[in-house]
Amino acid sequence: MKLTHEIVTLGTKHAFTIARGGGSEYRVVIATITDRDGMTGVGEANPSRFYGESADTVPAVLNQFAPILERADAWSFDAIESEMNKMWRGNGSAKSAVMSALYDLAGKRLGVPLYKLWGLDPAAAPLTSFTIGVAPEEELRRKVQEAAEYPLLKVKLGTLNDEDIIRIIREEAPDKTLRVDANAGWTPKHALDMIALLAEYGVEFVEQPLPPENVEGMRFVRDRSPLPIIGDESCLVSSDIPGLQGVVDGINIKLAKCGGPREALRMVAVARAHDMRVMMGCMIETSVGITTAAHLAPLLDYADLDGAALLAADPYRGATIHGGVFSIPSGPGLGVTKA
């Protein structure tokens, strides 16, 4: 098999900002695997500097993965994944691009969509939320108005203006379900003060209130919180989950963190074994990345897979969202095409 890639620059409808910063332009990497018969599979890398990757490091890593694919059988998922992990620690988005492309190729070879390959029913997928990034008041109100079709909103906090942000959004969306992501921006004491306020506003849960290294602080907050706590930055791969029992109520899986669908499936299984809720999130992504995650959505309690919906222009067509409801392609593999 041959592994190739291209860097794609994406623009968002609005500047997308979280507690750590943001912008309106993002670079992702699309990987393509071509087998000996000329059939192709595609996968997407969505690198984040928070996890030590960028659109410059991913191609370098993919070039080192290419010889693994050249000598491998297309069905040898375990061997390929193991060799990549031995070659590089981390680099989850680069690995995810390869594994997603392999699954796309497998589905095409078998003539079935990935959800059928995994024995899943797309009708079981939960609604997805729409993310409202940090912004000044007028822009916040406009973003909420533009997201009118979505019954669930995920609100980015972790700033000095959190109380104003949640008030403004609740004013604009009095009847919608709100979820909050602090992106590790709070201290334990501030988290409990904020969570008490968020409970008054009817927020459903809080994601990653503290920095990931502050495990005992997270446990302290979770023990006293009236709202469920979901771990995101604290949970990259399945081996992180046992140590979070009693620390969080659930985990947020991202393909770009964990290394692709195969590890995501492991994470779901381990989380369920530890009686945790399961959420899947995303980065700013094209429909290649979002559709890969959408095929796994029937396994989830919560979905936050709106990355492509935030784009000014999506270079691919795949899973679509209407009123928070997924329409997952029924074509073979991912079922994505170029726009």
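## A positive phi, then the rest

Tutor: Start in the loop between α10 (261–273) and β10 (277–280), where aspartate 275 is found. Keep in mind that this is a predicted model.

Student: What phi does aspartate 275 have?

Tutor: A positive one, about 60°, although aspartate 275 is not a glycine.

Student: And is aspartate 275 buried or exposed?

Tutor: Aspartate 275 is exposed, because its relative accessible area is 72% and the cut-off for exposed is over 50%.

Student: What about asparagine 183, what phi there?

Tutor: Asparagine 183 has a positive phi of about 45°, and it is not a glycine either. Look for asparagine 183 in the loop between β6 and α7.

Student: Buried or exposed, that asparagine 183?

Tutor: Asparagine 183 counts as buried, because its relative accessibility is 4%. Buried means under 20%.

Student: OK, new topic. Which order do the strands of the open sheet have?

Tutor: The order is β4-β5-β6-β7-β8-β9-β10-β11. That makes eight strands, with parallel pairing.

Student: Which are the edge strands?

Tutor: β4 (130–132) and β11 (302–303). Each of them pairs on one side only.

Student: Let's zoom in. How many bridges join β5 and β6?

Tutor: Five, and the pairing is parallel.

Student: Which strands does helix α6 lie across?

Tutor: Helix α6 (residues 162–172) lies across β4, β5 (152–156), β6 (177–181) and β7 (203–207). Helix α6 runs at about 160° to β5.

Student: Which residues of α6 are buried?

Tutor: Asp162, Ile165, Ile166, Ile168, Ile169 and Arg170.

Student: What covers the buried residues of α6?

Tutor: The cover includes strands β4, β5, β6 and β7. It also includes helices α5 and α7 (188–200).

Student: Good. What volume does the largest pocket have?

Tutor: About 800 Å³. The largest pocket is lined by 33 residues. Tyr26, Pro47, Ser48, Arg49 and Met283 lie nearest its centre.

Student: Which elements give two or more residues to that lining?

Tutor: β1 (2–18), β2 (21–34) and β5. β2 gives the most, with seven residues.

Student: How many charged residues are in the lining of the largest pocket?

Tutor: There are 12 charged residues, along with 12 nonpolar and nine polar ones.

Student: How much space lies in the second largest pocket?

Tutor: About 470 Å³. Its lining has 26 residues, and those nearest the centre are Lys13, Tyr150, Ala308, Ala309 and Leu310.

Student: Which element gives the most to that lining?

Tutor: β1, with four residues. Among the others that supply at least two are α5 (137–146), α11 (287–296) and β12 (316–317).

Student: And the classes in the lining of the second largest pocket, how many of each?

Tutor: The count is 13 nonpolar, six polar and seven charged.

Student: Last topic, cavities. How many of 30 Å³ or more does the structure hold?

Tutor: One. About 100 Å³ of space lies in this largest cavity. Of the 14 residues that line the largest cavity, the closest to its centre are Asn46, Leu255, Ala256, Glu285 and Gly289.

Student: Which element gives the largest share of the cavity lining?

Tutor: α11, with four residues. α3 (92–110) and α9 (255–258) each supply at least two as well.

Terms used
Residues numbered from 1 in each chain as written. Predicted model: local features only at pLDDT ≥ 70, side-chain atom pairs only at ≥ 80, totals over all residues. Heavy atoms only, no water. Pairing = 2+ DSSP bridges. Contact = heavy atoms within 4.5 Å. Axes fitted to C-alpha atoms, helices over the stretch in contact; angles between N-to-C directions. 1 Å grid on protein atoms, 1.4 Å probe; cavity = no way out; pocket = protein on both sides within 12 Å on 5 of 7 lines; lining within 4 Å. Points joined across faces, edges and corners; volume = space filled by probe spheres on them. Nonpolar A, V, L, I, M, F, W, Y, C, P; charged D, E, K, R; others polar. Buried < 20%, exposed > 50% of the residue type's maximum accessible area, 1.4 Å probe, protein only.
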